[in-house]
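Subject: Structure handover and notes

Dear colleague,

Please find below the structure that I am handing over to you.

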Amino acid sequence: MENLIDKLIQNPIIPAIRDKAILEYAINSECKIIFLLHSSILTIKDEINMIKQKNKIVFVHIDLIEGVGKDEKGIEFVINCGADGIISTRQNLINHAASLSIPCVQRIFLIDSQSITSGLKIIENSKPTLIEVLPGVIPKAIQRLAVSTSVPIIAGGMIETKEEVIQALSSGAVAISTSKPTLFSII
């Protein structure tokens, strides 16, 4: 965990990869960690290997991988393919990953004040390694979460400018995730 946080502090930009063209750009960037948000059972191992060859940490969003079950065996499959950790919105999958000591990112969507309360309960029950808050352009909500939990926060979704990156980091996020290649190298 410390090594992961150290890497985020060194470079708090996490490419969130949705297509192969951006993957090429991300693996050649200075970013230390990559979120793989697309893939299929047919390509995931090769994509993870491409990332690992550049000595980067890769988290796979288990909910979004085509052909892979959104269950315990799906997590084990992704880890056996070489992923360093998983991302999910599903508390049961985060619980399973945590029970296996697999680094995991609990994704939570903040749409109103009740979702902050619900998100905190999910975090308390699932014990993720990191939390990803979406959308990441709501500093007030990031701040509120940051003072209410000791789990490091990643701001993701709708972050499109350097100013938004700085605002999210200033609000208490340790890193941001983005699919905008122009932001991969701003820090």
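Predicted model: local features only at pLDDT ≥ 70, side-chain atom pairs only at ≥ 80, totals over all residues.

Residues are numbered from 1 along each chain as its sequence is written, and side-chain values use heavy atoms, with hydrogens and water left out. Helices (H or I, at least four residues) and strands (E, at least two) are DSSP runs numbered from the N terminus. Buried stands for under 20% relative accessible area, exposed for over 50%, and partly exposed for what lies in between, with a 1.4 Å probe and protein chains only. Contact, touching and packing refer to heavy atoms within 4.5 Å.

Helix H2 covers residues 20-27, and Ile22, Leu23, Ala26 and Ile27 are buried in it. Seen down the axis of H2, these buried residues fall within an arc of 130°, so they line one face of the helix; the arc is that of the directions from the helix axis to the C-beta atoms. The partners against which the buried residues of H2 pack are strand S1 (13-17), S2 and H3. At the start of H2, the backbone nitrogen of Ala21 has a side-chain oxygen of Asp19 within 3.2 Å.

In H3, the buried residues are Ile44, Glu47, Ile48, Met50 and Ile51, and, viewed down the axis of H3, they fall within an arc of 155°, so they too line one face of their helix. Asp46 and Gln53, on the other side of H3, are exposed. The buried residues of H3 pack against H2, S2, strand S3 (57-61) and helix H4 (72-80), and just after H3 Asn55 takes a positive phi of about 55°.

His38 sits in the loop between strand S2 (33-36) and helix H3 (44-53), and with 17% relative accessibility it counts as buried. Once its neighbours within four places in sequence are left aside, His38 is in contact with Ile17, Arg18, Asp19, Lys20, Glu47 and Ile65.

Leu8 belongs to helix H1 (residues 2-10) and counts as buried, at 0% relative accessibility. Not counting residues up to four places away in sequence, Leu8 touches Ile14, Ile33, Leu130, Val174 and Ala175. Leu8 and Ile176 are 168 residues apart along the chain, and their C-alpha atoms are separated by 9.1 Å.

Arg144 lies in helix H7 (residues 139-146) and is partly exposed, with a relative accessible area of 41%. Its contacts, leaving aside neighbours within four places in sequence, are with Ser113, Ile116 and Thr117.

Finally, the largest pocket holds about 150 Å³ of space. A pocket here is an open set of points on a 1 Å grid over the protein atoms alone, where a 1.4 Å probe fits, with protein on both sides within 12 Å along at least five of seven lines, and lining residues have an atom within 4 Å of a point. Its lining has 15 residues, of which Gly157, Met158, Ser177, Thr178 and Ser179 lie nearest the centre. The elements giving two or more residues to this lining are strand S6 (130-134) and strand S8 (175-178).

Best regards

Definitions and conventions:
Points joined across faces, edges and corners; volume = space filled by probe spheres on them. Polar contact = N/O pair within 3.5 Å; in protein donor to acceptor, adjacent residues only side chain to side chain.
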